[in-house]
Amino acid sequence: MTSFPCGRTTLARHSSDELGLLATGRSRVHTSSVTGHEDRSDVSTMTRETTCHRVELYGLPAVIAGRRTLEVAGTTLAELASALVVACPRLAGPVIDPATGWLNRGYVFVVDGRFTRDPATALESASEILLVAAQAGG
Amino acid sequence: MQAIHGRALVVDCSTGTAEPFPIPPAVSAAVLGGAGLASWLLLRFAPPRVDAWAPENPFVLAAGPFIGTGLTTSSKLAIATTSPQTGFIGDSLTSSYLALVLRRTGFDALVVVGRAPRWSVLFVDDDQVRLLPAEHLLGRDPEETAATLRSELGRDIRVAAIGRAGERLVRYAAVVNDGRLAGRTGPGAVLGAKRIKAIAVRGTGRFPAVADRDGVHRAARQLATRSLGPETAKYRELGTVANLAFFSRLGVLPTRNFQAGSFPAAEALSGERLVTQHRADRQACAACTVGCEHHFRTSDGGPATTVRLEYETLFALGSLCGIEDPNVVLRAAALCDRYGMDAISAGGTIAWAMECVERGVPLPGSPDEWPRFGDGASLLRTLEAIGERRGPLGDLLAEGSRRAAAIIGQGSETWAMHVKGLELPGYHPKRLRAMALGFAVTPRGACHNRTSAYEMDFSEDAPASAERIAQATARSEDRSALLDALPLCKFLRHCFDDFFVEAASLVRLVTGLSCDADELQRTGERIVTLKKLFNLRQGWTRSDDTLPSRLLGPNGIDPAELDRLIRAYYRVRGWAADGSIPPERLRDLGLESLLDSVSIGS
């Protein structure tokens with residue numbers, strides 16, 4: 001099944017500028033120093049009905065996206081990863097491998113409290129999903 | 001064995017005399033260097049049940065065979081001494097150019113005993129040793145001290161120094177070099193007790209030859225490339241401060257003296273916010289390609305302060321004390337650096353005091369001076385009082401949370417958050433069973449660096465049975481001990497597909513030892529066992545392997561479950577049920593013969 005980013009209205013409601021980037025005068029759409037791609041996260045479109053998930057971003061994904069959450073759709077983590085790249089293309093490269101559409105080795109999902117890098121992980125509509133660095137310690 | 005000098009320099013600062021000490025080749029092969037060698041030398045030179053303040057307490061600096069080979073992140077020195085906080089082994093690791101110059105003196109380690117008749121600088125100038133007057137350096141912070149000594153003795157020297165906290169015997173004082181702190185367990189206080197303000201080293205000799213020079217060069221290039229991969233991206237891009245918001249979300253961020261696992265103001269203190277609003281620059285340790293050291297600047301309009309900040313400092317001076325303002329945390333971190341104090345123990349001890357105030361348990365001194373949760377000014381004021389041992393409050397808190405609670409009483413022992421006297425780092429163990437076990441049993445006291453058992457709690461297949469948790473915790477300790485012996489930075493640990501196999505390949509190239517993965521794992525276990533042997537000789541008992549009472553019970557970890565985990569860990573280690581080490585286990589690990597000349601004591 002192909003996954004899609006969620007619609008503009010939903011995204012706008014949930015993508016509050018929790019990291020305070022706007023407060024420092026930075027543009028929400030800007031070119032990444034990491035990937036050189038333009039962030040198109042707020043111009044995504046939804047072309048069909050599917051289950052939306054609110055993915056919480058921690059660490060570098062959050063800094064790249066400039067926000068703590070993204071809303072994307074998918075029934076598995078593989079679909080979710082693809083949808084994240086569509087929602088925020090700058091994740092491709094540093095976080096998600098553009099060749100495979102799957103997470104780099106440095107990242108892991110946490111689904112309902114369980115750490116997983118299994119792309120086949122099925123998602124429930126109420127699943128809590130976090131995207132975090134695989135290296136948890138310091 | 002190649003890549004070693006095979007000798008240590010033993011300095012008696014009571015008399016100013018020094019002599020080389022030959023390190024038996026079997027010892028070098030068995031423990032490699034770094035933390036392994038430092039632990040063995042501590043056992044060798046410390047009398048049984050030595051007090052941390054006693055002149056006889058050795059202060060050991062040890063290098064490892066990888067230093068100077070070009071292998072990335074290998075420029076680290078290990079310190080071992082009797083900890084003024086725990087009374088057990090106090091081992092710390094610090095990255096610096098000092099490791100490189102020490103290796104070029106022709107010695108693998110420096111052992112300092114005695115007490116100087118007056119404040120001194122211990123100057124190791126290749127194989128010459130001098131005690132220089134240090135009165136003019138007293139009161140100076142470690143960076144100023146190093147700068148002064150380099151202007152006096154030459155730009156080619158490197159310096160490890162203590163700050164005012166070490167001079168005043170704050171029990172968690174750090175040894176500082178190149179701006180990096182060896183802080184945990186208080187080695188700076190031991191140097192202070194010896195009246196050594198600084199150790200200055202000039203080394204102009206060659207690094208000892210490696211076994212396969214071309215092979216090491218190839219391996220170094222490969223490792224450098226891998227060190228820049230996605231496995232270290234977190235450390236390069238944000239640093240360890242990235243942990244804070246995520247840990248709060250998981251409920252494992254110690255907050256208000258471990259009364260909670262989530263901090264409502266976590267977003268304000270988050271690494272993501274710091275990086276976007278406070279980042280100044282990024283630097284790397286000596287001989288490191290990763291560059292995880294992130295510096296942040298204040299933005300509150302007060303005197304500008306820029307400071308390196310790690311997650312542990314951020315949590316200890318932030319959520320643990322209920323502080324929401326990142327500017328306060330940055331100023332507090334700078335104070336810890338300036339005084340030369342371990343930020344985890346400083347924050348942990350102040351958080352204990354804050355809870356005393358919250359509960360109405362009086363502290364010494366004026367109530368106006370007492371620290372309070374969320375009060376940034378009181379945090380900064382208290383840190384200064386501790387660093388100076390100023391007034392009865394500063395003097396009390398300079399003792400650390402365990403001793404301070406024993407003095408104050410009134411039940412405050414129950415909220416003194418330490419294991420063996422060492423304050424807990426930034427992992428609330430209530431929901432982390434493997435980490436809880438690691439905190440309880442690691443010889444150093446509560447530590448996230450000697451056991452990275454949290455990786456099991458944060459993994460896809462978090463083990464459920466006590467036996468599997470114990471097994472994984474022990475293997476994690478062994479890996480950490482090996483990394484500290486080579487040495488290599490723990491931030492590289494995920495750059496290996498099979499750590500012990502690939503580390504064995506590196507050891508063969510560097511040292512020429514014919515070792516395999518199994519032998520290297522035994523090396524790690526051997527080093528952990530040496531540390532435990534030191535603790536046993538210092539009077540360790542089974543009751544020392546535990547957790548603070550706050551973490552046990554209906555709202556925390558079931559004490560019976562913790563007991564099951566600890567018993568399983570002892571079984572995995574081959575130890576007796578009371579935690580002692582049977583002679584046959586020492587034989588299995590090849591330690592019996594290495595300890596011929598060492599008094600194990602009872």
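A: Before going on, some ground rules. Residues are numbered from 1 along each chain as its sequence is written, while chains are lettered from A and ligands numbered from 1 in the order in which they are written. The model is predicted, with local features needing pLDDT of at least 70 and side-chain atom pairs counting only at pLDDT 80 or more, while totals for chains, interfaces and linings use all residues. Helices (H or I, at least four residues) and strands (E, at least two) are DSSP runs, numbered from the N terminus.

Back to the helix itself. α13 of chain B covers residues 326–339, 14 residues in total, and reaches 20 Å from first C-alpha to last, close to the expected 20 Å (1.5 Å times one less than the number of residues). Twelve of those 14 residues are buried, so α13(B) is largely enclosed by the rest of the structure. Buried here takes 20 or more other C-beta atoms within 10 Å of a residue's own, exposed is 12 or fewer, and partly exposed is in between, with C-beta atoms placed from the backbone. Among the buried ones are B:Arg331, B:Asp337 and B:Arg338, along with B:Val328, B:Leu335 and B:Tyr339.

Elsewhere in chain B, α20 (residues 466–485) is worth a stop. With α23 (residues 559–573) it packs at about 55°, the axes 8 Å apart. Axes are lines fitted to C-alpha atoms, for helices over the stretch in contact, and angles run from 0 to 180 degrees between N-to-C directions. The pair is therefore oblique; under 35 degrees would be roughly parallel, over 145 roughly antiparallel, 65 to 115 roughly perpendicular, and the rest is oblique. The contact (C-beta atoms, placed from the backbone, within 7 Å) includes B:Ile469 and B:Thr473 of α20(B) and B:Leu565 and B:Tyr569 of α23(B).

α20(B) also meets α2(B), residues 34–45, where the axes come within 4 Å and cross at roughly 90°. That makes α2(B) roughly perpendicular to α20(B). B:Gly34, B:Ala35 and B:Gly36 sit against B:Ala481, B:Asp484 and B:Ala485 there.

Leaving out residues up to four places away in sequence, B:Val201 touches residues including B:Leu98, B:Val124 and B:Arg158.

Technical notes:
Two residues are in contact if their C-beta atoms, placed from the backbone, lie within 7 Å.
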